[in-house]
Amino acid sequence: MKTACRKEIMKEYLRDESKQTGISDRILFPETEEDIMRIFKAYPDTPITLQGARTGVTAGCVPNGGIAVNMERMNRILDLTYNEDGGTVTVQPGVLLQSLRRHIAPLGLFFPPDPTETTASLGGMASCNSSGARSFRYGAVRGHILALDIVLVGGTKLHLVRGRKHAEGNQFQFVTTCGRLLKGTLPSIRMPEAKKHTAGYCLRPDMDLIDLFIGSEGTLGVLTSIKLKLIPQKQYTWGGVLFLPDEASALKLVRMLRGEMGNILCLRPEALEFFGADTLTLLRQAQREKTVLTQMEQIREDACCAVYAEYASDNRALMEQAFEQTCQAMEAAGADPYRTWAAINHYHMINSY
Ligand SMILES: Cc1cc2nc3c(=O)[nH]c(=O)nc-3n(C[C@H](O)[C@H](O)[C@H](O)COP(=O)(O)OP(=O)(O)OC[C@H]3O[C@@H](n4cnc5c(N)ncnc54)[C@H](O)[C@@H]3O)c2cc1C
């Protein structure tokens, strides 16, 4: 197991995308589950901060003293099974989302959660219950996790399979792989009804206990392997940034695309995301400074906000029909459909603003 104590190496691992910098005595890089168990035995009273790929924006992996345990060397795909209806993959926590995608795409498989930053690790994504644009259709990562291996504080192991172990009311108990019984009471906290909610522990009476660990941000144990559900990859993806004159038009458009004003679309959107006025200001500035989107036309000054919509299908004609229907919805919302950046399969431009 590698240890980093040298100042220049340490510095890099003391921060994440929140840009906060922490402090730590040393950083350890376990390569096996046994390494992690050894760490817990060697440092029984030391605060331990777990790190995935450090793409988090809330400093969850930034150590505040003690030691940091970085999972980047546990980066193997352990098992993959599939057929034409989808499949499952078991990964070590340090596997990056982009590596998983590269591995499964040639097999016609797709892992829907997309927290934008593809260099995030699957361990970090599970620990944050991360979501993203496609959560509109597929929910957060939680719903795509079938099983977890966990090393608990103290070094005992736990294997949890979705659907197998539930709390009884607010009472829960686990038997670790070495036969130790762990019991507890779940705090009674009312979870918000919001569709997209990832703050804090997931706590519900009678809950599936695997969900206690998903989204627990490394506070309950180390995720050492994660079994994920995969679905078949659709052949075509259409993505469009739809520019709008005001927020009222954006709301109307979103309600139409969500089907709240009648069934106007032949396909259900994979993703719907809102870009406010400040985001467009930043984009305009970046375009002027030629740092991003240089091939696209400048965003016009009268565009106030934008909605990103995405469709996917194996039937290209159906997808083009959804694009036409989206243009009609833009018109009905008071926007000009020619004010659209659009791409098919992420690289081939079909229409420009
Ligand atoms: C440009 C950008 C856009 C982003 N957009 C989104 C978005 O749309 N939606 C979204 O949800 N997030 C988004 N993020 C945040 C980030 O990518 C996710 O939170 C990601 O899931 C973190 O993964 P990571 O591997 O970088 O974890 P880290 O940042 O290293 O760690 C995150 C947390 O997980 C814990 N952890 C890591 N590995 C383990 C493990 N094996 N066992 C137990 N605990 C562990 C850490 O202790 C920490 O608390 C974005 C980030 C960037 C930079």
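The model is predicted: local features need pLDDT of at least 70, side-chain atom pairs count only at pLDDT 80 or more, and totals for chains, interfaces and linings use all residues. Residues are numbered from 1 along each chain as its sequence is written.

**Domains**
- The protein chain is divided into domain 1 (2-70), domain 2 (77-232) and domain 3 (236-351), with bounds from an automatic or database domain assignment.
- Between domain 2 and domain 3, the C-alpha centres are 32 Å apart.
- In domain 2, 4 residues are in contact with 8 residues of domain 3 (contact: C-beta atoms, placed from the backbone, within 7 Å).
- The side of domain 2 that touches domain 3 has 2 nonpolar, no polar and 2 charged residues (Ala, Val, Leu, Ile, Met, Phe, Trp, Tyr, Cys and Pro count as nonpolar, Asp, Glu, Lys and Arg as charged, the others, Gly among them, as polar).

**Ligand shell**
- Around the ligand are 32 residues, of which Gly52, Gly56, Gly60, Gly124 and Gly218 come nearest (near: C-beta atom, placed from the backbone, within 6 Å).
- Strand S3 (48-51), H4 and S12 each give two or more residues to this shell, and H4 has the largest share, 5 residues.
- Domain 1 and domain 2 each supply at least three residues of the shell.
- The shell has 12 nonpolar, 15 polar and 5 charged residues.

**Helix H3**
- Leu97, Leu100 and Ile104 are buried in H3 (residues 97-104) (buried: 20 or more other C-beta atoms within 10 Å of the residue's own, C-beta atoms being placed from the backbone; helices: DSSP runs of H or I, at least four residues; strands: E, at least two; numbered from the N terminus).
- The buried residues of H3 fall within an arc of 60° seen down its axis, so they line one face of the helix (arc: of the directions from the helix axis to the C-beta atoms).
- Their cover includes strand S6 (86-91), strand S7 (109-110), helix H4 (122-128) and strand S12 (221-232).

How values were computed. Buried ≥ 20, exposed ≤ 12 C-beta atoms within 10 Å, placed from the backbone. Contact = placed C-beta atoms within 7 Å.
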